[in-house]
Amino acid sequence: MDTGVISALVHSGLLGTAVALIATPLGVMAGRALGWRLLRRPALPSIVLLGPVVLAPFAVAMGLDVVILRVGIPEEVAVVLVLSVFALPYTTYTMRATYLALDPDLEEQARVLGASPRQARHRVTLPAATAGFVTATGLAFLVGWSDYAVTLLIGGGQIITTPILIGSSAAGSGNDALTSTLAVSTSLPPLVALAVFTYAASRRRTAPRS
Amino acid sequence: MTAALTLSGISHRHPGAAQPTLAGIDLEVQDGQMLAVLGPSGSGKTTLLRVAAGLEQPEAGDVLLDGTSVLDVAPERRDLTVMFQKPHLFPHLSVLDNVAFADRLRGQSRSQSRATAQRYLDLVHLGDLGPRRPRALSGGQEQRVALARALAATRRVMLLDEPFSALDNHLRTSMHQLLVEVRAALDPTVVLVTHDLDEAALADRVAVLVEGRIEHCDTIQTLYTAPKTLAVARLVGGFNELPGVVRSGVHHSILGAAALPTSLAADGPAVLLARKEGLALTEPHTTGTATGLVVEVRQSGPHQDVIVEMASSRPVAATRLTVEVRLGTTLRPGDRTGVVLPGPEGLWVVSGASPQVAERSSTSMLTTR
Amino acid sequence: MTPPLTRTAHLRAGRQSEGARLVAPAVILIVAVTGTAIGAVVATSLGLLPLVGQPRLSADGFTALAGDLRAATQESLLIAIAATLLAAAIGLTIATTIVRAGHGVRLVVALAVTVLTVPHLVGAAATGLLLSDVGLAQRWSGISPASWPELVGGRWPWATVLELAWKESAFVALVVTASLGRRYADLREVSVVLGAAPRAQWWRVLLPLAAPALASSSLIVFVYSLGTYEVARLLGRAYPEPLPVMAYRLFTGIDVTARPQAAATAVVATGLALSAAAITLPLVRRLGADR
């Protein structure tokens, strides 16, 4: 594997991490508010948070590209912002489902036993929400890791991730071996992470209670 | 006469379980009868219903409807239906269409099946709620609709799986009343699974299921007066157990000799059973009574239970008796009191030695409400 | 020390403002980014944000390539409708299998999740390697390249639709399965003891219960298929091209005066997706009402 591929893998990883770092915490907060019905009028926020699903990434990327050119925002920042917006519905609604399945009284129970709001969140709710949290993080990472359209349009060939390499390799014919190698090296890491997580989760479920 | 529903030699084991859930169950329910299957949680009573309904296959045994085996008949084609513990109303259908569900499956038109459903909804006193969605109902109403839906299926036998156990006392009592009304109006053949003695009392006969076996099947009165085994007595609750020996129709225990009903005169080790409301308290050291020490006075519904520890010459654990008295006893822990056994008609024995169970004799595994 | 009851009451009172504070960052980010972007796209399409020259309000972006725009819209709708129908049908079949079968289910679920994690771009590249006239399928089957059907880059967008349906059917299956959940097992049992044969169980219980999730996941598949670039770019032919491919070509071309046309294409795609959502959402809401 040449250095170009390795640096592309690193770029993809960084992009995925940046998207997860933004979209996951925001999704956890929003998911908590939606899942535990903490809003008086949840209809509008619910639609806005789901909104990006309906929008075409290329259209949003195109619009932002026009703006950053005039304002002078770095392309990397714009790519991360756009992808975070497209990751937010996934993280928010994963965490909404997680919080729906969790009893808010559990946190109140911790409070009346003497925990501060912060302690109650960190010691009671978050541990119980681990599976949802990991799923949300994984989904957000995947949005950045596997993106092609937004990186290509805003990056304009300057940001080279593995999907960009696959795209150019697959578009030009006769490079089947390279295309396959790139495809596998892009698909495998998330799959391995998924397998490890599933295994760990099943181990923890079946572990003795002692 | 052939029974409406017969379970014969039913054995069942959950996959991977060491103990069988059901071991050789034989039960019969006659047409128009109601049988209650009474058992503590984990006794296998729900499994028994599921086997009868065809939702689980038995390891051995047969299920017969009107004398014909239905073991190979798919559950949807068996001439019986089940009402589950939770109402499980179809959320996508209105209340009326939930009740009309079985008729729609039989190919009846929407209006025809709704007209029939309305009659069943009226029967459970919810005639006005037909257009509502299940979500808009209270817990008690949901169970009423589930009952109407099961009745509207007009199957030969109706199996009820603890359908009222999630309701509060008041609602449960009104559901029991409704069941009595329904039986008077439609005369259905019913098997009711329950852990509640009051609920079992609605039935013509009660089968007591303990650890996968039927220990006793008779009227509820017989369970209270003449339980066949110690397990049944403990399930029913309220019995004092006195281990001892029967010789010539007389039971000998630390309380002394007690004459038994003549029919029970088999010699050998036996446990004397005396209901707590059958015992009485007297002044200590009266002739013909045993004397003991009051260790606790406990409120039990509208009565009080006085727990008396009987003096024992042997160093084994002292026997404690529970005596039910009317409210307002002046006895306090530490007082001495005499205990009088009832006459032969108030006593019962179960042959065999008793394990150490003195403490459990006054507490029931069941919730007696 | 505050007595517990008062503290609980205090907790509840604080919830409303807490909720607003929790959703605010996510909502603001989405509104700011998408609002700016869509605003810029619309402005560009109307000639108000030219790369060079003076802003001038005009509908040229929409009219200059009206024929191409119409063809691209048709192609996009064809791809999206075909992919959605296929994905919904396959997804529902898989979900039915998952909730009905007792064993082997975990394998099916694992496969569906695996498919979900594979990027569309990888899926498209693999589909190309598999289905093209010099692809693996052609070599395995022994059919000569000349008589191999034009699946990739042909008259009809076969490969594009198949790739989208393949990956999105896994999505539909998982969403529908999750929405059915434990509830279906209980309700199916009730329907059985009321006399429902397997076919009736599917029609009268599974399908109505799955309908809201099926409708909403189908909507997502539809708008995704409308807006996806990479799949049609790798597997489609040059003309007619779907809206996203046309928008990219115009936007990244050397002719900077084509930018209003590119933006107009994006506006049409966005308008189609929003209309689809506006039409479908009341249906989804009605299906899911009172549940």
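Start with polar contacts between chain C and chain B: this predicted model has four such residue pairs, both partners at pLDDT 80 or more. Select the side of chain C that touches chain B. Two helices, α8 (158–193) and α9 (198–227) of chain C, each supply at least two residues there. The largest share comes from α8(C), with eight residues. Color that side by class: twelve residues are nonpolar, three polar and six charged.

Now show both partners. On chain C, 21 residues are in contact with 24 residues of chain B. The area buried between these chains is about 2,100 Å². Carbon and sulfur atoms give 67% of that area.

Next, pick B:Arg50 and C:Glu189. Their side chains meet in a salt bridge, at 2.6 Å from N to O. One salt bridge is found across the interface of chain C and chain B.

Stay with chain B for two backbone stops. Select B:Glu162, in the loop between β7 (157–161) and α6 (169–186) of chain B. Phi is near 40 degrees here, a positive value in a residue other than glycine. Is B:Glu162 buried or exposed? B:Glu162 counts as buried because its relative accessible area is 8%, under the 20% cut-off.

Move to B:Ser248. This residue lies in the loop between β11 (239–247) and β12 (250–253) of chain B. B:Ser248 also is not a glycine, and its phi is positive, about 50 degrees. Its relative accessibility is 65%, so B:Ser248 counts as exposed.

Now turn to chain A and chain C. The contact takes 61 residues from chain A and 61 residues from chain C. About 5,400 Å² is buried between the two chains, with 77% given by carbon and sulfur atoms. On the chain A side, select A:Leu38, A:Val54 and A:Phe58. These residues lose the most area to chain C, together 12% of what that side buries.

Which residues form the salt bridge with the closest N and O atoms 3.4 Å apart? Select C:Glu18 and A:Arg32 to see the pair. The count between chain A and chain C is one salt bridge. Three residue pairs are in polar contact between these chains, both residues at pLDDT 80 or more.

Finish with the helices of chain A. Elements giving two or more residues to the side that touches chain C include α1 (3–35), α4 (75–100) and α10 (176–206) of chain A. Select α3(A), which gives the most, with twelve residues. By class, the side of chain A that touches chain C divides into 45 nonpolar, eight polar and eight charged residues.

Methods
Residues numbered from 1 in each chain as written. Chains lettered and ligands numbered in written order. Predicted model: local features only at pLDDT ≥ 70, side-chain atom pairs only at ≥ 80, totals over all residues. Heavy atoms only, no water. Contact = heavy atoms within 4.5 Å. Buried area = accessible area lost by both parts, 1.4 Å probe. Salt bridge = Lys/Arg side-chain N within 4 Å of Asp/Glu carboxyl O. Polar contact = N/O pair within 3.5 Å; in protein donor to acceptor, adjacent residues only side chain to side chain. Helix = DSSP H or I, 4+ residues; strand = E, 2+ residues; numbered from the N terminus. Nonpolar A, V, L, I, M, F, W, Y, C, P; charged D, E, K, R; others polar. Buried < 20%, exposed > 50% of the residue type's maximum accessible area, 1.4 Å probe, protein only.
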